[in-house]
Amino acid sequence: MNEIQAKEARKQANRKAIKFIVALFILYILFSQANLFMNSVTSPDAKYYNATISTHFNYIQGLRTALIIPAVWIIKAFGFYAIYNETDVMVVAGPYLRVNYSCLGLGVMSFLAAFVLAFPAPWKSTFKMLAIGILTIYILNVCRIAGLGVLLGFFESQRQNFTYHHEIFNIIVYICIFTLLYFWIKKNTRKTDKIEVGENDQPKED
C-alpha cells in the first residue's frame, strides 16, 4: 500500500469513527429520552400521564414486573416469605424493596442498543449482540433485587452498608457489557478485515 492509499485509508477510518460517534450520541439520547418520556406518560402522578397509553403500552411496568416476579421466586427459594405488588417487594422479617425507574436498567440498555446499532456490523451479528446484552442486563438485575432481599434478610444489622447498591450494580453491569462489546467488536473487526483483504487480493485481468 503506497502513501496515497494509506492516507485515503486513514481518511475513511476517520470518517467511520466520526459517523459512529455521532450515531451513538443521537441514538443514546433518543432511546434514553424516549424511556424517560414513556415513564412520565405511564406514571399517574407525572405531568404527561395518559391513561390509555399506560393501560395498553406500558412496557416500563412490564419490565418492572418481569424483574420482580423471578426475584421473589429466588428470595423464597432461600427460605424467606415475600409478597409483592406492582412496584414493591416486602420480605417478611426482612427488607422492603421498591423497584423504581432507576432500578430497571433502562439507562444501560439504551447505551448498549445505541452502541450496537451505531457500530458497523452485519445485522445478524447486531441483533444477536442486542439480545445477549439485554438478557445479560436483565439477569444481573434480577440477581441484584433477589440478592438485596436475601442479604438484607440474613444480615439485618448491616443494612446501612448496602446504601450504594445502585452504584455497585452499575459498575458490575458496565464491566460485563464492555467485556461483551470488546469481544463482539474484535470478532466483527476481524471479519471486516478478512473481507477487505479478500477483495483487494482479487487477481487483476490483463
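Analyst: Of the 206 residues in the protein, buried residues make up 34%; buried means under 20% relative accessible area, exposed over 50% and partly exposed in between, with a 1.4 Å probe and protein chains only. This is a predicted model, where local features need pLDDT of at least 70, side-chain atom pairs count only at pLDDT 80 or more, and totals for chains, interfaces and linings use all residues. Residues are numbered from 1 along each chain as its sequence is written, and side-chain values use heavy atoms, with hydrogens and water left out.

User: How many helices and strands are there in the protein?

Analyst: Six helices and three strands, in the pattern α-α-α-β-β-β-α-α-α along the sequence. Helices (H or I, at least four residues) and strands (E, at least two) are DSSP runs, numbered from the N terminus.

User: In what order do the strands sit in the sheet?

Analyst: The order is β1-β2-β3, in an open sheet with antiparallel pairing. Two strands pair if DSSP finds at least two bridges between them. At the edges are β1 (82–84) and β3 (96–98), each pairing on one side only.

User: How many bridges between β2 and β3?

Analyst: Three, in the antiparallel sense. Valine 89 has leucine 97 in β3 as its bridge partner.

User: Which helix lies across β1 and β2?

Analyst: That is α3, which runs at about 170 degrees to β1. Axes are lines fitted to C-alpha atoms, for helices over the stretch in contact (heavy atoms within 4.5 Å). Angles run from 0 to 180 degrees between N-to-C directions.

User: Now the core. Which residues have the most contacts inside the largest nonpolar one?

Analyst: Ile75, Leu104 and Leu181, in a core of 45 residues. A nonpolar core is a set of buried Ala, Val, Leu, Ile, Met, Phe, Trp, Tyr and Cys residues joined through side-chain atoms within 4.5 Å.

User: And which helix gives the most to this core?

Analyst: α4, with ten residues.

User: What does leucine 104 touch?

Analyst: Leaving out residues up to four places away in sequence, leucine 104 touches Ile60, Leu63, Arg64, Leu67, Val99, Met109 and Asn141.

User: Back to α4. Why is it called largely enclosed?

Analyst: Because eleven of its 13 residues are buried, α4 is largely enclosed by the rest of the structure. Among the buried ones are Phe111, Phe115 and Ser110.
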